[in-house]
Amino acid sequence: MKRTLSLVLSAVLIFLLLPLPAFAEKPASAERSASTKKSASTKKSASTKKSASTKKSASAGKSAPTGESASAENRIVLTIGDNATRSGSRYYEKLGMWQYMADLVGVEIRYSYMTDEEYDAGLASGDLPDIVATSKNLSRILENGVALNVDPYLEEYCPNFLQGEARLTYDVFKQLGDEEDGFYFFPAKIGYNGVGFSKETSTRGYVVRWDYYKELGYPPINNEDDYLKVLQQMHENHPFTEEGYPTYLYGTDNFTGYDTAFRSELSLDYWAPYRYQNNMFTNEVYDGYTDPAHSMWWACMEWHNKLYRAGKADGSYDLDLFTQTQEQFDAKCARGQYMGRHSVYRGLYSESVKKDPDTLTGYNIVPTAATTYYTNVYQLLGNGPGYMWFISANSPHKEEALKLFNYMCDPDCVRELTLGRQGETWDYDKDGVPRMNEYGQQQLDAYKAGSTDPDNFYQQWGSFDVMPSNWPLLRDNLTHPDGYSLDFATITREYEAATMTNNIARDICEHYGVKLPTDAFYNAGGLDFRNDCGEAISSCLSSLNRNQLRILSEADALLEDVMVDLILAETDEKWEAVRDDTVRKLVEMDEPAVFKAYQKKWDEAAAVIVPMVREIQIKNGVDPYTPEQYADYGNGAKQKLLIIEDDAKDSGAGSEVQEP
């Protein structure tokens, strides 16, 4: 039981709920250094909320000396190894934000990027940096015993994990785990993935070349048939680019259903290892293998078959989608050869606007009630389980590593990482409201406008754009205990509207009569992901057994084999025949029995997680949708024939759960 649930929560669910953790008072040098631009007018008054009501955490008393009391040459060197795939070479030790973190803990930080070979060797030998960022092999990390169980140390060195709403994390763990299970992994970017207002729309939905879409007069798109008609009209008007390249109806480098999920009630769950999707409103789970009516993948196959049959005569369906390299696909997108895409590609606009400052050449989604909007998603695991941190079990600097994580979930610290030190770029006014000062606002505006001035404060301090591997642990859109966003300066409707420079965004606002593009989406009747707990639930499930994984591997291979046959089917009858034969084979593999076992695990985890997420959403003013509001989204992809129910009965797969 311990090993199983170590893979349930120790591997993934470690620190789920950190929207408003209590925070530590900072040492004197962290409060403000003598070099800050503090004036009498910017000094924080006693009325500010930093915070008489919040007790000083143990981390403040236990913190290592800061830069004012410890010379750099005498500091411990805290090593961080990064194997997370999306990091990039973005660490720069001279940035103010990194020196700030080092000073808080009283260490020197050395950050390095680990190749897969170096990472694998470290997992085998246990010879790892003090802290490791990873996106893979969580089970192996536990099995090899290379991650520190931080549970015994949290209260003394990392108390911010055990205060406020973060306490719910511990309670969830105790409900789903055993008493002897420990905490091993720290997630990144806990909080909301997207807020309900933005100068940029979601990247997923009915994506079109916006300049061509405007030419057509912004025709409404209420379903995939409407979408296909619009794509065909755009292609008819523009069979070639201005440079003479042929154009195509639709482009994708992803046949998993990443796009079609946003055109139904199915949750994204794109990062889950199996083709099991949940209803984003009710959080019930579906079998995406043998239930075509509730499957991202089957919906994708049906959509691409429509595209193929619509474009085979004039060559407007790009058959190279099956064989071209990623570089070739990217080049076509950069040239604007696709009328639509599986997701918004911003590169076309960013290059086009350099040549024409008034251009509308680029991709965007169409505001419509027929899609769901990936925002207001409360991520209990942050960007986990894909991006997680752990402290090496062999680290000689466990206390310092824990203190670093403690600060990374301190709202005061995250605010200063985002906006700069209090008193230098911002401060509280006499009413206790945090505000940018004149200097900070000018520097921030210039930085956000693209300033490359090396003397700009934020060029020297840094920003989350240049922080590697999803630092810190909290998102900057969470609410500080003072009642304002951690990033109170930019996460507002007013700031988004005032800094909107994208021509497509401005065109959306003008055409739909709104202040922000996201307003157009909500006004059209679109719903967002506020009810969805799919990613969190799937991440909290223990691994399937070896035989179950073998069955799903064979099932995935079968779907891969029939994909081209489905997409290139010439008639409905041929498509349905391939589908029905494929479902029968999946049933014969005993895949439905695997799903039954998975569904049992899912329901148990959902019973704990869903009520907690909804409680947090309501507390934060994001009321969950009611059945009346999402009723029209609950039909799934339309299929003419479903055979799984009868076949499942014949095979015995629908009987009492018996894990294969």
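Predicted model: local features only at pLDDT ≥ 70, side-chain atom pairs only at ≥ 80, totals over all residues.

Biologist: What is the strand order in the open sheet of 5 strands?

Modeller: The order is S2-S1-S3-S14-S4, with mixed pairing, where strands (E, at least two residues) and helices (H or I, at least four) are DSSP runs numbered from the N terminus, and two strands pair if DSSP finds at least two bridges between them. Strand S2 (107-113) and strand S4 (186-187) are the edge strands, each pairing on one side only.

Biologist: Which pairs run parallel and which antiparallel?

Modeller: Strand S1 (residues 76-82) pairs with S2 in the parallel sense over 7 bridges, and Ile80 has Tyr111 in S2 as its bridge partner. S1 and S3 also run parallel, joined by 3 bridges, with Gly81 opposite Val132 in S3. S3 and S14 are antiparallel and joined by 4 bridges, and S4 and S14 are antiparallel with 2 bridges. Ala133 stands opposite Trp389 in S14, while Met388 in S14 is the bridge partner of Thr134 and also of Pro187.

Biologist: And the S14 side chains, which way do they point, and are they buried or exposed?

Modeller: Met388 and Phe390 point one way from S14, Trp389 and Ile391 point the other way, and all are buried, buried being under 20% relative accessible area, exposed over 50% and partly exposed in between, with a 1.4 Å probe and protein chains only. In S3, Ile131 and Ala133 point one way and Val132 and Thr134 the other, and all of these are buried too.

Biologist: Which helix lies across S1, S2, S3, S4 and S14?

Modeller: Helix H14 (residues 398-408) does, running at about 65 degrees to S1; axes are lines fitted to C-alpha atoms, for helices over the stretch in contact (heavy atoms within 4.5 Å), and angles run from 0 to 180 degrees between N-to-C directions.

Biologist: Changing topic, where does Gly420 lie?

Modeller: Gly420 is in the loop between helix H15 (411-419) and strand S15 (426-428), and at 0% relative accessibility it counts as buried. Leaving aside neighbours within four places in sequence, Gly420 is in contact with Arg415, Thr425, Trp426, Phe457, Tyr458 and Trp461. Tyr100 is 320 residues from Gly420 in sequence, yet the two are 9.6 Å apart in space, C-alpha to C-alpha.

Biologist: Which cluster includes Tyr100?

Modeller: Ring pairs link Tyr100 with Tyr439, Tyr447, Phe457, Tyr458 and Trp461 in a cluster. Rings of Phe, Tyr and Trp (its six-membered ring) pair if their centres lie within 6.5 Å, and planes under 30 degrees apart count as stacked, over 60 as edge-to-face and the rest as tilted.

Biologist: How many aromatic pairs does the structure hold?

Modeller: The structure holds 41 aromatic pairs. One of them is Tyr218 with Tyr512, whose ring centres are 6.5 Å apart and whose planes are at 70 degrees, so the pair is edge-to-face. Tyr218 lies in the loop between helix H9 (210-215) and helix H10 (224-237) and Tyr512 in helix H19 (residues 503-512), so this pair ties together parts that are 294 residues apart in sequence. Tyr218, at 14% relative accessibility, counts as buried, whereas Tyr512, at 28%, counts as partly exposed.

Terms used:
Residues numbered from 1 in each chain as written. Heavy atoms only, no water.
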